[in-house]
Amino acid sequence: MPLFLNDEQTMLRDTARDFVAEHASVSHLRALRDADDPTGFSRDLWKQFADMGLNGILIPEAQGGLGLGHVEAGVVLEEIGRNLSPSPFLTTAVAAVAALQGSAQADRWFPGIIAGETVAALAIDEGAKHRDAIGLKAERSGNGFRLTGDKRFVTHGHVADLLIVAARTAGSADEADGVTLFAVPRDAAGLTATPERLADASLAARMTFDGVEVNADAVIGEVDAGRDPLGRLLRAGRTGAAAELLGVGGGAMDMTVGYLKERKQFGVAIGTFQALQHRAAHLYSEMEVARAAVLKAQQLMDTGADADEAVSIAKAMTGMATTLSVQEGVQMHGGIGMTDEYDIGFYMKRARVLAEMFGDIGFHADRLAKAAGY
């Protein structure tokens, strides 16, 4: 497949770019941060996303969605990243939808997601780093299960309507199996959330499950076979986070190149200095390589091919390229790059958080090395 957008995808990109830039620019993020907003995003804006039809981008047309693919979802996420827009789009419209597809839970939750009334959170991680370690227990209880344990870094967990929870089913000895995915309503008894501010001013919660009772209908897929829906969730989340990282890096690069053209020293624009031109050209080439990696992963996922390795490459490549972009951005801005009044620092903070989501550069490099037999 060609590594560029077709005409329809380009039209979607232009529409999303105009919409997000107008309604959710960096000033929107700054206003939420300065107001110490307890939600972490605007529900009104989430409803506007729904009015545009964007929330159902991955939901099949038969279920009321647009029936598009991960390439199109990535187009929207890149614009969200470019504008640093606080939004539950990644966790809800991409990762949660991917997990719920084909399950009995889809009919329950998809209408609310499409309408912009439902926000989903992903209760997957339990430690300081993203690892394939699930300790939260799901024990048989009557006609359902009792969930006990903790989850960390659950983005939007304190305000979500739906939690996608990965749990270790009691009695399963095989680490490859014994995982079950649950759809848990936020108002379930015994569930508490403690929100914490992250580096980019977003909110993620520590979730405590103190004997949370769910019925058998809450299971996504099959008991002890949660690796399949969890795999769909993680591939979608990692590719989506890579696309958003691409937008963050691209936004920082555009801002930096604009500054190089405007800032003058010795009577000329600093962008005429050859050393800075070399660094800007290197940054551009790295961002384009990352863009190709992301698009390849998205295309493989849309065709149903094995995309695990391509997804890890995309997440690692965008992590490296965007880290370079924000670091060069701050440095080329000079002293003002360290001040709060300039937006470039916001890009660095968002890049730091996104790089950790669903596994950082080291995590995915390790996955690729193991897949290659090292």
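Predicted model: local features only at pLDDT ≥ 70, side-chain atom pairs only at ≥ 80, totals over all residues.
## The annotated region

Let's start with the UniProt record, an unreviewed entry. Its annotation "domain: Acyl-CoA dehydrogenase/oxidase N-terminal" covers residues 6-117. In the model, this stretch is 62% helix and 0% strand.

Next comes Thr 118, which sits in the loop between helix 6 (106-115) and strand 1 (120-123). Is Thr 118 buried or exposed? With a relative accessible area of 8%, Thr 118 is buried, because buried means under 20%.

Which residues does Thr 118 touch, leaving aside those up to four places away in sequence? The contacts are Trp 46, Thr 92, Trp 109, Gly 112, Ile 113 and Asp 161.

Most residues other than glycine have a negative phi.

Asp 36 is not a glycine, yet it has a positive phi of about 50°. You will find Asp 36 in the loop between helix 2 (26-34) and helix 3 (43-51). Its relative accessible area is 52%, so Asp 36 counts as exposed, the cut-off being over 50%.

His 156 is not a glycine either, and its phi is positive, at about 65°. The loop that holds His 156 runs between strand 3 (144-155) and strand 4 (162-169). Whereas Asp 36 is exposed, His 156 is buried, with 8% relative accessibility.

Key:
Residues numbered from 1 in each chain as written. Heavy atoms only, no water. Helix = DSSP H or I, 4+ residues; strand = E, 2+ residues; numbered from the N terminus. Buried < 20%, exposed > 50% of the residue type's maximum accessible area, 1.4 Å probe, protein only. UniProt positions renumbered as here; feature names shortened; annotations may be inferred. Contact = heavy atoms within 4.5 Å.
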